[in-house]
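Here is a short briefing for a first look at a protein model. Keep the structure open beside you as you read.

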Amino acid sequence: MTKVSMTVNGKPVSGEVEGRTLLVQFLREGQGLTGTHVGCDTSQCGACVVHVDGKAVKSCTIFAAEAEGAEVTTIEGMANPDGSLSTIQQAFQDHHGLQCGFCTPGMVMSAAALLAENPKPTEAEIRDYLEGNICRCTGYHNIVKAILAASGQDVAVAAE
Amino acid sequence: MYAFDFERPTTIADAVKALSAEDAQALSGGQTLIPTLKQRLASPSRLVSLTAIPELKGICVADDGALCIGAATSHADVAAEATAYPALAALAGQIGDPAVRNRGTIGGSLANNDPSACYPAAALGSGATIVTDRRKIAADDYFQGMFETALDEGEIITEVRFPVPEKAAYIKFEQPASRFALVGVFVAKYAGGVRVAVTGASEDGVFRWAEAEAALSSDFSAGAIDGLSVGADGMIGDLHGTPEYRAHLVKVLTARAVAAAG
Ligand SMILES: Cc1cc2nc3c(=O)[nH]c(=O)nc-3n(C[C@H](O)[C@H](O)[C@H](O)COP(=O)(O)OP(=O)(O)OC[C@H]3O[C@@H](n4cnc5c(N)ncnc54)[C@H](O)[C@@H]3O)c2cc1C
Ligand code: FES
Ligand code: FES
């Protein structure tokens, strides 16, 4: 066992981990942050996406020990400081961007990474960026609309 | 996943030393190795992470004009920063999805030499040099069949050097479930001739299509390969495509790559 320390949602945290402990296990089991989901555990679905030093990564495909010293942001860190939903989260609610909600934490984290890089993405750019985020429920249209709306763009341009 | 010791050295020398232990294995972006460990298809006693070694990261242009990329440079960084070689940057930007590109590295991809991976086509198609902790290996000698390379036990790639061509393009026919190439073709035109490297098609992994290289070296146009054909012998056949289908794609994609290179 080795000790790892990192900043999660602005708070310094540390814990004892094995070499094989995945970041997602450290977050869910070690820190009780169960908002990050494990959909596939095979690096395919993106339900587990978090930000490590500002970049979207699949937390099921990085060891906790590799996040030593890093700034990690999870879905629990996305709401506004007063607890109200962030613009992206609110847009998902307003535009029915979720049904069962299982993929949603990863979708929101990927959307946030996209908008940080590209504040006004086109519909095609949104679909391309979400290539690694799989949703079994919505058919994606409303997720795309939510992200267009969160970026201050007209959602009517999204194809039905 | 079986248990292993984990090390995170900060210099190449320390990494090489740590890798000299029996059953030690390098870990770069982990986008191939971690899924492999989860399936218990690998059981190293020790993993040596290469991601905390500053010497292994970054992109620069050498005195001879070659683009040098540190082995632990992510696909996302190559996509954003390899501006001196646009076809290579475009290839990196099409690997997997954004989260895979933020972790996965060029060194990991070349060391793994998946028969459907994208970077092997770029390295072979550019006549790149694979630099390791102990020697320099020409791409023509480096790729030795599916998942096989010239690397010795414990040897690590430190850098990859790409001579920059006059024109080049990579066309990937994506396998939509895995996001790898069903077939991918990299075409590069140098003053000394044209190179054509094909991934995803052959059971022997990435290969050069010599007839197309000869035809394109004398006439760099999509029509120059009209009269050529690729045999289905030795091509991969699986539920995504027959050997004949892949052989057909090799020619179609080569023509498209030439057209895209302009
Ligand atoms: C969903 C998904 C989609 C993908 N799509 C594509 C795609 O479209 N095209 C494509 O080409 N790839 C694709 N990949 C694979 C991806 O590009 C990997 O990043 C890459 O194959 C391995 O790089 P890595 O840095 O992650 O290496 P790791 O997984 O860390 O290591 C892979 C192997 O290389 C060895 N190794 C790593 N670095 C070195 C080094 N410097 N020297 C010697 N040995 C080393 C390791 O020991 C291991 O055996 C995809 C992966 C996923 C999960
Ligand atoms: S749980 Fe990590 S990609 Fe599916
Ligand atoms: S809302 Fe159910 S998987 Fe996306």
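The side chains of Ser28(B) and Thr105(B) are joined by a polar contact of 2.7 Å (a pair of N or O atoms within 3.5 Å; within protein, one must be able to donate a hydrogen and the other to accept it, and residues adjacent in sequence count only if both atoms are side-chain atoms). This is a predicted model, where local features need pLDDT of at least 70, side-chain atom pairs count only at pLDDT 80 or more, and totals for chains, interfaces and linings use all residues. Residues are numbered from 1 along each chain as its sequence is written, chains are lettered from A and ligands numbered from 1 in the order in which they are written, and side-chain values use heavy atoms, leaving out hydrogens and water.

**Around Ser28(B)**
- Ser28(B) is buried, with a relative accessible area of 11% (buried means under 20%, exposed over 50%, partly exposed in between, with a 1.4 Å probe and protein chains only).
- In chain B, Ser28(B) sits in the loop between strand S2 (24-27) and helix H2 (33-38) (helices, H or I, have at least four residues and strands, E, at least two, as DSSP runs numbered from the N terminus).

**The sheet in chain B**
- Three strands form an open sheet in the order S1-S3-S2, with parallel pairing (strands pair if DSSP finds at least two bridges between them).
- Strands S1 (5-7) and S2 of chain B are at the edges with a single partner strand each, so one side of each has no neighbour in the sheet.
- Leu27(B) has Ser49(B) as its bridge partner in S3(B).

**Helix H2 of chain A**
- Ile88(A), Gln89(A), Ala91(A) and Phe92(A) are buried in this helix, residues 87-94.
- Exposed Thr87(A) and Asp94(A) lie on the face turned away from the buried side of H2(A).
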